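Good morning, and thank you for making time for this presentation. I would ask you to keep the sequence and the model in view while I speak.

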Amino acid sequence: MNTRDFIVFSLSLALLVGTIGAMLGYSALQKARPDQIRIVMRSPERGGFDPLDIYVTLGEPAKLYVKNEALETHGFAVPELGIGSIEVKPGRHTTLEFTPEKEGTFAARCSVYCSDFHPLMQMRVHVLPPGEASAGAARASTATDLLREFPADIVRDPEDLPPPLRRNTSEVVEVHLDAVEVVDELSGEPYAYWTFNGKVPGPFLRVREGDTVELTLSNGISSKYDHSIDLHAVTGQGGGAAFMQVAPGESKKIRFNATNAGIFVYHCATSDIPTHMTHGMYGLILVEPKEGLPEVDREYYFMQGELYAKDAPSAAGFREFSFEKMLDEDADYVVWNGKPAAITGTRSPVFRAGEALRLFVGNGGVSYLSSFHVIGEIFDHVFPEGALGHPHGDVQTTTIPAGGATIAEFHTEMPAKYILVDHALSRLNRGAVAVIVAEGEPPNGSTLEAVPLAEAPERPPASASSGGGLH
Ligand SMILES: [Cu+2]
């Protein structure tokens, strides 16, 4: 072999070795086949699924390669596309094939409970018409990013309640509640709420005295905890809770008679009960009297509650529940409808000055007595502690015990922003405030006006009034 041949041989060998090396390197890096969509699972605290969005084509087989890079087991499920729960152990991967048969955007969720922030472990599968599908990803890297992508919005709209029943016969009423654990923002940080139907308070239930109620409670498959319901409108063991301890993925049903008219609290009664309640598991059930309630123009639904959080957020930025503060009755936040000052600004209900209003107001507690007051108004009627037979007239402030409720009826003379508070007013600084807005003109002339000082009667000089002044 001459020098030139040796150089050619060496170059060929280098090329061959290089090519083999590159191929080995490629296969080591690219564990998923090129036509597979690669999804990485991390703890929700570390960013959850990556990417958050995948794109597939309607009617064409899609291949997913799902790798779990977390230290705990995660699941993958897209129920609307018929993909059931697939478990992936730490460090392992799985592949799955499916053919999407409907267009749209579908939620993919972790289907194995993984942490308190498991509800944030979500992503989206976009099914596009043929020709439009392309690879794409919006990456998340922090829990706060995930919260922005998948906000839970637990605040109950105070106008979200069923209208008066207006019937004069007893019926069998079917009610379905879902226990749902979610994560929402609390003063800018992710916080775990436990809810009935995803909102705080839970749905406003409305039945008639003498009705038979068939109530089903379902607990989501990806819940961490058992949940239940105790209705203060029910007489019998645990107000129903004895028959309604529901494990994740299960449903249970009770039938009860609505024997007593009134406005009643319901709440989760699974141990530790106050822990479940303070996370948001409370609501109201109205048992209308047989003759119904007098007609009003508008009805609103509010509930006071307390939130107890550890002072410092976790390393991953989560605000965690503080059991110790709850035992000390040292709430960080006192809230109306789930969050500090939630029903203010654009969420405030608007009505016409002069309209007759009825407020159903409950107190989920778990500890504080509410001194319920509307700044700038006087209640025409209050039904203390929800007792319909015994209204009080012309009330300024009414007490609502923890686990109790009241009905307050009034009309406003003047257009104004009326401020609902717990008149233990330091709680205003902890979030116990809501605003309802009366617009329009005063219906019967002004009951309040500012008067220019020039029109005020002249006051005697200060020295003349210093001796007592009652002449
Ligand atoms: Cu519960």
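I shall begin with the protein as a whole, then turn to the metal site, the aromatic pairs, the sheets and one glycine.

Please bear in mind throughout that this is a predicted model. Its secondary structure comprises five helices and 28 strands. Of the 471 residues in the protein, 47% are buried. As for contacts between residues at least 6 apart in sequence, 74% of them join residues at least 24 apart.

Let us move to the metal site. Which residues coordinate the copper ion? They are His227 through ND1, Cys268 through SG, His276 through ND1 and Met281 through SD, at 2.0 to 2.6 Å. Read along the chain, these donors follow the spacing H-x40-C-x7-H-x4-M. Cys268 sits in the loop between strand S16, residues 262-267, and helix H3, residues 273-278. Met281 sits in the loop between H3 and strand S17, residues 282-288. Cys268 and Met281 are 13 residues apart, and both are buried.

What is the geometry of the site of the copper ion? The angles among the four donor atoms run from 82 to 138°, and the site is irregular. For reference, the ideal angle for four tetrahedral donors is 109.5 degrees.

I now come to the aromatic side chains. The count of aromatic pairs comes to twelve. One of them is formed by Tyr300 and Phe351, a tilted pair with 6.4 Å from centre to centre and 55° between the planes. Tyr300 belongs to strand S18, residues 298-307, and Phe351 to strand S20, residues 350-352, so this pair ties together parts that are 51 residues apart in sequence. Are these two residues buried or exposed? Tyr300 has a relative accessibility of 1% and therefore counts as buried; Phe351, also at 1%, counts as buried as well.

Phe372 and Phe379 provide a stacked pair, with 5.6 Å from centre to centre and 15° between the planes. Phe372 is buried, with a relative accessible area of 0%, and Phe379 counts as buried at 0% relative accessibility. Ring pairs also link Phe372 and Phe379 with Phe302, Trp336 and Phe410 into a cluster.

Four strands form an open sheet of mixed pairing, in the order S2-S1-S4-S7. Its edge strands are S2, residues 49-50, and S7, residues 93-98, each of which pairs on one side only. Strand S4, residues 62-68, runs antiparallel to S7, and six bridges join the two. Within S7, Thr94 is the bridge partner of Val66.

Another open sheet, likewise of four strands and mixed pairing, has the order S11-S10-S13-S15. Strand S11, residues 189-196, and strand S15, residues 251-257, stand at the edges with a single partner strand each, so one side of each has no neighbour in the sheet. On average, neighbouring strands of this sheet are turned by 20° against each other, direction ignored. Strand S13, residues 212-219, and S15 run antiparallel and are joined by seven bridges. Ile254 in S15 is the bridge partner of Leu215.

Asp53 has Arg124 in S9 as its bridge partner.

Finally, I draw your attention to Gly362, which is found in strand S21, residues 356-365. At 1% relative accessibility, Gly362 counts as buried. Leaving aside neighbours within four places in sequence, Gly362 is in contact with Leu284, Phe302, Met303, Gln304, Ile400, Gly404 and Ala405. Phe302 has already been named as a member of the aromatic cluster. Gly362 and Pro201 are 161 residues apart in sequence, and their C-alpha atoms are 9.2 Å apart in space.

That concludes the presentation, and I thank you for your attention.

Methods:
Residues are numbered from 1 along each chain as its sequence is written. This is a predicted model: local features need pLDDT of at least 70, side-chain atom pairs count only at pLDDT 80 or more; totals for chains, interfaces and linings use all residues. Side-chain values use heavy atoms; hydrogens and water are left out. Donors are N, O and S atoms within 2.8 Å of the metal (3.2 Å for Na, K and Ca); water is not among the atoms, so sites may look incomplete. Four donors count as tetrahedral if all angles lie between 85 and 135 degrees; four count as square planar and six as octahedral if opposite donors are over 155 degrees apart and all others between 65 and 115; anything else is irregular. Buried means under 20% relative accessible area, exposed over 50%, partly exposed in between (1.4 Å probe, protein chains only). Rings of Phe, Tyr and Trp (its six-membered ring) pair if their centres lie within 6.5 Å; planes under 30 degrees apart count as stacked, over 60 as edge-to-face and the rest as tilted. Two strands pair if DSSP finds at least two bridges between them. Axes are lines fitted to C-alpha atoms, for helices over the stretch in contact, and angles run from 0 to 180 degrees between N-to-C directions. Contact means heavy atoms within 4.5 Å.
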